[in-house]
Structures are given as C-alpha cells and as structure tokens.
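Please keep the sequence and the coordinates at hand while reading.

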Amino acid sequence: MNCMWKADNEGPGRRFFLVLFLASGFAGLVFEVVSSKLLGLLMGNSIYSITTVVTSFMAGLALGSFLADRICRGRRPLMVYGLLEAAVGLFCLSFPFMLDLAHPILKIAYAHLQDHFYLLSLIRFVIAFGLLLIPTTLMGATLPVLASGLSRRGTSVSETVGLLYAINSLGAVLGSLGSSFVILPALGISTSLKVIALVDLSIALLAFWADRRWQAASTVDQEASTGPATESVPDPVPVGALVAALGLAGFASMVYEIAWTRALILVIGSSTYAFSMILASFIAGISLGSYVASRLERWDVKPQSILVYALGGVSVTGLSTLPLIGQLPIWLVDIMIDFSKQWWLLQAIELGLVMMVVLVPATLMGMCFPLTARLLIQSREGVTQKLGRLYAANTAGNIAGSFSAGALLIPVFGIQWTILAASIVEGATAAILSLVLLPWPLRPRLKAAGAALLIPVLLYQCLPVWDHMVMSSGVFLYAGLYVKGAHRSQADYREAMHRYGRTIFHKEGTSATVSVREHVDGDRGLVINGKTDASSVGDMKTQRLMGHLPMLLHPSPDDALVIGLGSGVTLSSVLAHPTRRVDLVEISPEIVEASRYFVRENRNCLGDPRVHLTITDARNHLALTDRKYDVISSEPTNPWIAGVATLFTQEFFQLLRDHTKPGGVVAHWVQGYSQSAEDFTAVVGTFRSVFPYMTLWKSTRGVDYIMVGSDKPLLPDRQLLARRFDDSRILRDMVEVGVEDATDLLAHFLATPKTLDAFVAGSYLLTDDNLRLEFSAPRNLYRRDKPFYGMAEVTQEDITEYVTFPSEAERQRTRTIVTARRYLADSLGYLQAADIDSAIKALREARRLAPLEKGSVKLVQTVYVGVTTLLEKMGRSDEAAAWLKQIYALHPDDPDLLNEMGNICGLSGNYADAAQYYLKALAKEPDHLGAHKNLALVYYSTGRDQDAIREYEKVIALSPYEAKMLNNLGILYEKVADLEKAKRSYRLALQVDPAFEAPRKNLKDLEART
C-alpha cells in the first residue's frame, strides 16, 4: 500500500489525485448546467440573463484562482483542496434555498425598474454574482491549490499544471455530455444536485485520507519528494506580458466559442443536446491541448516558441473554420435523409461534425495555459499565487469575451466578422509575444509579428462569404425539401435551398439569427435559427385562432397578455376586439424588427397605442409582475428548442392561472406533430392539472392544438358568438382562415374536462424539476408519423351539449352542421397525409350530412381543390375533373375555382378551354396571380408569343421575384428578337435566384451570339 503513495513523477499517488480532479471537473460542469437552469427560472432565459449567469460564474472562478494563495497560505494544500471540494458539495445542497431567498428581492426590483433595462440588468448581475460567488470561488481555487500540493511531492510543476488542466477539462467534457444525455433526463434537477454534492463530498473525504497518508509517508519519502528548487527555463520572461497574453487568449477563445455555437446551431439545431455537443467538443480540444502541452517538457523544445506558434495556429485554424461551417448544411442533407430515424447514431455523427470544426483550434487554445504556466512558474515557491494569477487573467478574458461576443460583436458585425475579430486578437497576441519572448534577432521577430498580424486578414479575404440562404436553410428540419427524387448532389441541394425563397431580412442578433424569407408565391416566413416559426400562409389559421378564440370565449375582455410576437398575427387578432390594453412580451428584439415585414398580415399591430411591449423572458415576467389579465394567449415555439420546455411545465401553467382575473381565459398552443403520444398527453395532462375547467380545440388536425383553461366553466353562448362575428374586423380575420361563422368555430372544439380526464389518465406531469419534455422532445423531432391524427375520433365531443341555444331545433341544426364541417376538416387532414381514399370518404360523409351548405365556402372549396390536385398527381385526371366540376357548378363565378378548371383543361391538352377559364377568372379578379401565370403558360405553349409576353409582364408586375417567369420572359423576348430585354430578364432572374442555372446559361449563350 505504501508504494501506491510514493510521490515520484509517475507515481500512483499523483494519478489518484488526477482521478479525483477528473471527477471534480465532471461535477463542476454538471453543477454549472443545473445552476444555469435554476437561475434561468429565477432570472429568465433571455440572452442578457444567460450572459449574466455565465459572467457571474466565470467571475467567481477568476476570484477563486486569484485568492487561492491566501486560502492555502501556511496550510497543507491537499487538505485545503479537500475542504474546498467539501464546501462546494455542501453549497450544492443549499443552492435551491438560496434561490428562494433571492426571488423576493428580484420581484421588488422588477416592480420598480421594469422600464429601466440597464439598472435592472445590474441588479440581476449582483444577485447572480451573489448566489454563485461562494461555489465558483471555491471551484476557482481548486486548480492552483491542488497543483501546489502535487508540485511539493517531487513532480514537475509545469507538467502537473498541464495534466491537471487537461484532466479537469476532460471531466468537464464528460459532465457536459453526461448532464444532457444521461443525468438530467434520468434524475431531474433536485436529485442531480444531490448527486453532485455526493460526488464533491466523496472527493473531499478521499482527499483528506490521501493527505493523511502522504503526511505519514513524508518522513520516509521526504528526500525523494522534495525536488530541486528551480526548474530549467531557458530565459527570463516578462511576467506582465505573459499574464496579459493569457487574458487576451481567454478573450478570443470565448469569442470563438460563442460565435461557433451561434453558427453551428443553424446547422444541427438548437436543442439542449446540440448545445451540449458544441460545449463538449470545445472543452475536449482544451483538454487535449493541455495534455499535449504537459508532455512537451519531456522534449527538447522551447516553450516560448511553442506558445507563439500555438497562438498563431489558433488564429489561422480558427479562421479556417469559416468555409467548413459554410459547407456543413450541404453535407448534412444526406446525413439527415439517411440517419434521422436513428437518433443516437445521428447525434454521434453530428458530434463528429462539430469536432471536425472546433477540435483543432480548441486544442491549440488548450496548449496556451500550461505553456504560459511553464514559462512563468520557474520554481516551486509561490506556485499557488502564480497559478492563481494566470487562471484569473484567463478567466477575466473569458468574461470579457463572453460579454463582447454576445452583446456587441455578433449583433453589430455578424458571426463571420466576429470570428475574424477573434482571429485578429489571437494573431496580435502571437505578434506581441514573438517580439518579447522569442530569442531571435530583431528582424526575424518583426517578420514573425507582421506575419501573425497580416495572415488572418489576408486569409479572410480568400475565404468565401457564407451563403445566408444555405446557412438559414434549417437543414436539421427540412432536409427532405431539398432532395428531388433519387438524384442527390450538393449542387442540387444548394439550388433547392435558393429556390425555397429569397431573404428579405437577415439579422444575427444578440439572442438569435432571424430571417424573413419570401417565397416565389409571395408567402413570407419568419425563420429563427433556421426554423420557420411563423408565416403569412401556412400558419395563419393557428395564429388567428390563438388570438381570437380566447377573446371570443371571454364575455367581455378588457385587457390581455400576448406571449410571443412572431409575425404579429396573433397580436393583431387580439387587437381586433374592443379591449383596452394588450401587453406583449417578446424575448428577442430581432423578432420585433422582423415582424415589420408582415404588416400586411398583422396590420401594423405594433403601432396600436393599446400595445405595451416588454422585451424579456415571458416566464420571468409572470414570476415578477403582479398584473392580472382577462385573457392570456401563450404561443411559444416548439419545446425541443433549449429552454422552451419550461413554458410547458406545471409551474408555468400555474403562473398563467395566477395572472388571470376571476373568469379569465388562458389559451396555450401545443403541437401535434414530431412528438410522441406520451409527450402530447403529458402536456395536456399537465395543463389540465392546473385549470379546473379546460377545453381542447384544434386548429389543424394532427398539427396544431389549442388548450383553453379557466377557473370557471367555459360554456360558449351561440347568440353571443354570432354577434361577435358581426364585427367586421373579427369576421375579416376569421374568414381569411376559413372560419366563416360561429358554427365554423364550434367545429374546432374537441373535448371537455370529463373527456380530457380520461384521455390523460396515467400520463406523467411535466415540472421544472423533471425536465422530461426538454430531453424527450428532441428525440422525437424526426418522427414522421402523427400520433394524434386519430385523436379527433378518440376525444371529439358534441360541443352543442355545452352551448346555449335559443331552441332545441337550432341545437340540432347546429349539431348537424358542426359534424359535417368536422368531416370536411378531417378530409383536409387526410389530404395533407396524401390519403386520398380516406379524404374522399370523409368528404362524402360531410356532403351526406349537409350537402355543400354555404356556411363554410372556403373550406369546402379548399377540400375539393385538394382532392382534385391529389388525384391529378396520382394520374387520375378524369376523377379530378369530375370532383372539380361538382364544386364549380355551385360556385361558377369563383376566380379560384375558374383557375382550377383551367388547370384541369390544360392537363388534358385542351388549351383553348383552359384559356377561357383563366380569362373568366381574371374578369372576376384582374390581379389573380395564378390565373395570369397559367394563361401566360398557355400562350407560351401555343406559340402566341406576344400574348404570352403581355401576361408574363403582368406576372412580374404583380410579383417581381418570380425567377422562372423572368427566365421564360427572356426566352420569349429572344424569340421576338428583343435581345436587350431578353438580357435584362435573364439578369433579373439571376438576381432573384443566383443558383438558377437556366437563365445563366441562356444569358451566356445570348451574349456569345451578340
């Protein structure tokens, strides 16, 4: 046993403490993750709150390393190390109680300073710093203290520092991956804290035991364990320059990390798992670099030169990640298509891609701290003080880099320029150290310094600029959109990403990368970190219902709260009602800016004087404000995104209930796609556990659902609803999404509390502690089935039993119509799933109950046209024509149906009749874009070039961004020998869609001929 504790360079004693420090790094990172989640609940999950938490954490680490010498002075270092770990463990147990004490303070500050952003941010920082000061200070002291203790046992100081830094970082890698993939999903928050405390206390006990054994062995091994007074270092070094250089390197490394994270989540998504993989990859490089640096002492190399080369290498390799990142979305298409159903394998592949980007520069970063320590610590005296100074400088640089990257560099300059800035800082640091450290003549040092400064700038000029259409393509979700048939090539993928639409707004802001895309059909989508979160067509029904439904169910709403702005459509729907005040809470200022591109849909809602906008985390706002509302509409994004699942927990739903007035109504969105049945029922069951009176409504079957809760029964009054629909503003909005009267609205009802209780029986509750949805939702993200597709049949009740009617005959009539419209809606859902037989069966059942009654014209037309379109795609043109003629006979003057009739004729080659239908459509609606397009194609196909030119020109006048139409117009101009106009059309087509090869080839051929 004694030989186990022999303190030579390779002795098991040191390996024992390396294992302890590995566990310490693991526990420390898990604690950082857990404390960040708890502080996020207290202070919000906005970028400013997150930055406050991270900065406070790092500040404590810096303070601890700076104070390490005073903590350890005159004491046995290994015993002190054990005491530090024990104190951290005890603090983990008390942390939740400290959060409870901080909440009232923050609530008072928010009540008085809600409109004073910077002062409130300062108070938040002080609170976070106070909460984290003790544990992070203790953690920050562990490395210098343990290094001091091990260095007294005959080990090389610099090698020990490098190994400790490497092994602690390796523990952090395991903690980063383990916390997200294993510990938190299995144990939840409170149990994870207890496990962390147990690990730290175990480390402390083992350190005490080991220290006692070493003290007992010191009389025998004293001579062997006391090494030389100094370690060989080639030349004296400028201490100030080294400390400053390590601070600058820390600054640049954190800027790199944040910029890489913001870029990579565009590629692999922004789930908790994605963030863990990015962090783990970065720390893995740090660990590997520290280990390599610790081994360099055994080689005959000058640490000064290696340090300069490492810094210069970070500058070059960090900048070289730009083309790699820019290409990742293209590479990921095939990976997503092939492996999206194998979740664990997909995570492993994505982890490999992330490491391919960050591992080399991060490894070079990891070499800097041990190399600097080797240069600075030339004797065993003052090890703790010197290490503490270095560690504090490095962490202070991390703090400055974290704040600068998130709050300044990325919002002002963008991600690419931010990476360039980090590269320049690393290059400048290498240049300065080459002048003061390298034992070379002056001229070579000047050349090296110049090269370190100029190379990143010159290299950046040679690198391609990111294609924002590719970077924001959301390949992690939409890979299938970019694959055409069996032919798969990177060029095709890039072209498909461009054809998906053009970017009319793009901003890399403090909290997210936000874009607005305009599709060729004029539809606009709001894209946040690659995911479409709102649109002017596809999401309109849900956006409208989220605003109107709770307002219609409340008898007299006076004030309302809207959570989440998105495109602004939900807010504008709430404002259509005669309410006095509407509070809007939006976490991202970039989304507020982007919403102005949807003024046609949201009717410039932000300009309404009744709107009071607050940029903050909605949950934090509710936790800290005392205001209550008649109506709350909560429409968060999908819960697979990191942090969003806290808006689906029992505690959040309780906040919603607590902030409604008596009889108030809460509406909360939940998705019915890309998740498991267990998760869906858990969300519904958790909401049901809070609201004594809950009803469930559908927007689009199998896709979007709305949970409505109140403290009193919600029994719609048929006559009151009818009067509300008489309001032109409300009717305009609802007709726009196919809800044409009160009966249509009732057709969206699914279930009352009694049915819901049976539906959610046995489901688990979602809480802030168990975090189940945050970790399960990403795993179900790539489900292509819709587990709630048949939910209507399982839970859908007869709402007429819960609605007041003037007579029983009116109840029976409404029941029949509601049932018919449900069948219509079911038919539409089947069409979306390409199940034509079920769609036709549901449509026929709707006709049997209420044969094409007039109350839902748009829905009826949509279903008929959908059946026609799907039959056409299946090659069943005769059936398609027969179905379309049925609806056309009832609505012969509808321009949309006239246009569809023209399409049917065109498919059968009857261009003359097709043209007549298009002309009739245009007579009813002169600016009907589809009719103009189709008429142009008919003229184009039948050789009526001048007529085709005239129609194409009208198309371009109505929609200037039709690349295909511009290309066709160019071809026609060539045919009529108007070559200048032909060139102009091809050039305009390329401006709209740079990846469109047809106009490029046509223009090249035309220019060659002329």
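Which residues in helix 39 meet which residues in helix 40? In this predicted model, Leu 979, Ala 982, Lys 983, Tyr 986, Arg 987, Ala 989 and Leu 990 of helix 39 are in contact with Pro 999, Arg 1000, Asn 1002, Leu 1003, Leu 1006 and Glu 1007 of helix 40. Helix 39 covers residues 979-992 and helix 40 covers residues 997-1009, and their axes come within 9 Å of each other while crossing at roughly 150°. Because angles over 145 degrees count as roughly antiparallel, helix 39 is roughly antiparallel to helix 40. The crossing in which helix 39 passes helix 40 is left-handed.

| Strand pair | Sense | Bridges | Bridge partners |
|---|---|---|---|
| Strand 5 (residues 559-563) and strand 8 | parallel | 4 bridges | Val 562 and Ser 633 |
| Strand 8 and strand 9 (residues 660-671) | parallel | 5 bridges | Ser 634 and His 668 |

Strand 8 therefore pairs with strand 5 and with strand 9, given that two strands pair if at least two bridges are found between them.

Definitions and conventions: Residues are numbered from 1 along each chain as its sequence is written. This is a predicted model: local features need pLDDT of at least 70, side-chain atom pairs count only at pLDDT 80 or more; totals for chains, interfaces and linings use all residues. Side-chain values use heavy atoms; hydrogens and water are left out. Helices (H or I, at least four residues) and strands (E, at least two) are DSSP runs, numbered from the N terminus. Axes are lines fitted to C-alpha atoms, for helices over the stretch in contact, and angles run from 0 to 180 degrees between N-to-C directions. Angles under 35 degrees count as roughly parallel, over 145 as roughly antiparallel, 65 to 115 as roughly perpendicular and the rest as oblique. A crossing is left-handed if the near helix is turned anticlockwise from the far one by less than a right angle, and right-handed if clockwise. Contact means heavy atoms within 4.5 Å.
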